[in-house]
There are 2 protein chains.
Amino acid sequence: MPEFFEVKPPDEALALWWERVTHRTGVERVSAYEALGRVTAEALHSPEALPAFRRATVDGFAVRAADTFGASDALPAYLTVAGEVLMGREARDAVPPTGAVLIHTGGMLPPGADGVVMVEHTQRFDERSIEVLRPVAPGENVLEVGEDVMQGAPILPAGHTIQPQDIGALLALGLAADLPVRERPLVSLFSTGDELIPPDAPALRPGQIRDINSGTIQALCRRAGAEAQRNPLVSDAPDALLAALEAALPVVDMLVVTAGSSVSARDLTAETFNRLGAPGVLVHGVAARPGKPTILAVVEGKPVIGLPGNPVSAMIMFMLFGVAAIAGLMGADAPAQRRVPARLSANVPSAAGREDYVPARLVERDGELWAEPVFGKSNLIFTLVGAGGLLRVPLNATGLRQGAWGEVVLF
Amino acid sequence: MPEFFEVKPPDEALALWWERVTHRTGVERVSAYEALGRVTAEALHSPEALPAFRRATVDGFAVRAADTFGASDALPAYLTVAGEVLMGREARDAVPPTGAVLIHTGGMLPPGADGVVMVEHTQRFDERSIEVLRPVAPGENVLEVGEDVMQGAPILPAGHTIQPQDIGALLALGLAADLPVRERPLVSLFSTGDELIPPDAPALRPGQIRDINSGTIQALCRRAGAEAQRNPLVSDAPDALLAALEAALPVVDMLVVTAGSSVSARDLTAETFNRLGAPGVLVHGVAARPGKPTILAVVEGKPVIGLPGNPVSAMIMFMLFGVAAIAGLMGADAPAQRRVPARLSANVPSAAGREDYVPARLVERDGELWAEPVFGKSNLIFTLVGAGGLLRVPLNATGLRQGAWGEVVLF
């Protein structure tokens, strides 16, 4: 009864699979205040120039720069104070020649002024005039109209995942409401296996284990920007799984099944995906450890994933394929899973022809990031607890040496 | 009218400030399924051993290892098949000498067995017996009781921020409900400045700008695990701010005021914090650029922050002090803001005696992370849009050279 998989390298498996996924989530409109982590559904352009008027960037006096040329401590320029720009008010009165208007940081530059002398470079001379001790150049300490962004300029591309600063940029331009973003994908999670009981069941009988994959995969979905619904446990009876998937498929964006961990349970999953619809299973087996018996399918243009029952394998494979799929369903351009380079604190053995994912603690030493591999059987969930990420050993490496640079997929 | 701050280096400012913050958020109990990103309120220990019974890690036959010693293709061991362990069922019948019991990955090891022969290393001999072609050692392909975690062992310390894999570990142990976590801090945000209007106001008059700090700081709070309430804009009239802060202080965990950007507006903020209560302002000015005019205060044991009005400065200083405070209010042990080392793609000038924070794009080249500084006036919000983080130029550096390693605070 040997296990024959046509295993595919992870990158190739992902490409082969995703090529057939045509489904995308819909577009909804949200407030910019609620847009953190959402993905833009279209490219956005600036409706106006920012700033909309010339602004002082310091506290001081708005002047005609030419009036200050050559000014110094020894030979100050004497300017007549001709008023004050109040915050939030239009500066209507022009600065006359050899005049100066008191202005605050962010205040509107009055007509005629083309620079701002910092208050530290001035001295009060008498009731009506000041000494300017340093010259200012035209444009100095001034933010010009459109210097932050010009009217009509692109501000965010389609497929951009919105960060706090993007919210700031949108609000600055008055784009506070009706921001077009992709709907969060709805992922439906099924755990199969006669050995499973719900984690909140009162007692565990010998031979039973608690279902933890629904919980870990749900958390990974949420972190990636999706909603995830957990479903009742499904027995290893073939038709039970098919019925559950058939009911969910039309109303969700992705299906995820964690199989019982035996070969027959996994074969049941693949068979059920093929019965569910075309094209069915595209990848059955990935050249990765842990996670080899992963199944990638497409039904009605929607992604369908079969994960190994082993909770560590299931998490790692979902980080590889599921998180990418969530980003893909929203048309997000960025990799949903952050990766950083780190140096290895120990040799990590592997075999050519498969990618290894080794849980690693991350520590900073002398300004460099080091990954400390956590070795242990790949089915121990506690190897992941306390790890900061997964060290990736590339497909064609037979291992990585202590001190070498590796890539860490961050949790 | 020069500006005199007793500026403090950021680390020193944070320590000086936080020493006086005695307030912590309360404890609430949540489902493990809803615990992603929450902070444990107490150390947790395992109520039971995981796994609770010996489990097979492969598909094959449970055997007495000694019966397989010396087995090879040429000289197989012949064992009598004595039954099958069904998934989720107790394995009650012992494996007799020279017997073998069919078992699936994750199945319970029957009494008498001390190893599992992989199915690939067996051949069916006749109806009732198999040939074993490789020996197994005692314990091989078996997960022992407590091998993942022992009963009573520490599983998560207090102050741990819960990750997807931690949820898995909790569920595996049946800790699905009533998980003690810290309440999310409630942060109350106030923007002051006569020049500000709400971003959704219909029209911008000359001299007015839209309030964006409430939106960016709210997003940073949420990302750090806090709730944040935006309040109506406060005018620069002294008593208006005091009244607003007095009303909020008793019912929230932290107050954040973004000041108008002029010196007088900032002085008003500091004065108001001192009127609000003791000890009041502890730090007035931070040796950082941008962000120098930051105010750190404590009132009734709660953190109170005054941020510069400049949206870029406000964001950067909140990432330094506000995000740390949110973690601190929950007693979280980890830095709330992820930092990674990266190499510089260009020289970055600075001045000794202050920390500079320069927005940077992050790119991976040849397995190393590079930071491409985005130069531009520090009050342009679009210098942050598209940046992946902030490059920190240390206090005593006069700059960083191209190719050198720097630290990047990730957005």
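In this predicted model, 80 residues of chain A are in contact with 81 residues of chain B, contact meaning that the C-beta atoms of two residues, placed from the backbone, lie within 7 Å. Chain A can be laid on chain B with an RMSD of 0.1 Å.

**The side of chain A that touches chain B**
- At least two residues each come from several elements of chain A, among them helix H3 (213–223), helix H6 (311–329) and strand S22 (339–344); helices (H or I, at least four residues) and strands (E, at least two) are DSSP runs, numbered from the N terminus.
- H2(A) gives the largest share, eight residues.
- By residue class, this side holds 41 nonpolar, 21 polar and 18 charged residues; Ala, Val, Leu, Ile, Met, Phe, Trp, Tyr, Cys and Pro count as nonpolar, Asp, Glu, Lys and Arg as charged, and the others, Gly among them, as polar.

**Symmetry**
- The superposition, by least squares on the C-alpha atoms of residues with pLDDT of at least 70 in both copies, takes a turn of 180° and a shift of 0.0 Å along the axis.
- This is the relation of a two-fold axis.
- The C-alpha of A:Val340 is the nearest to the axis in chain A, at 4.0 Å.
- Both copies use the same surface, as 100% of the contact residues of chain A recur in chain B.

**Confidence and conventions**
- Chain A has a mean pLDDT (the predictor's confidence in each residue, from 0 to 100) of 93, and 98% of its residues reach 70 or more.
- The model scores ipTM 0.94 and pTM 0.94.
- Local features need pLDDT of at least 70 and side-chain atom pairs count only at pLDDT 80 or more, whereas totals for chains, interfaces and linings use all residues.
- Residues are numbered from 1 along each chain as its sequence is written, and chains are lettered from A and ligands numbered from 1 in the order in which they are written.
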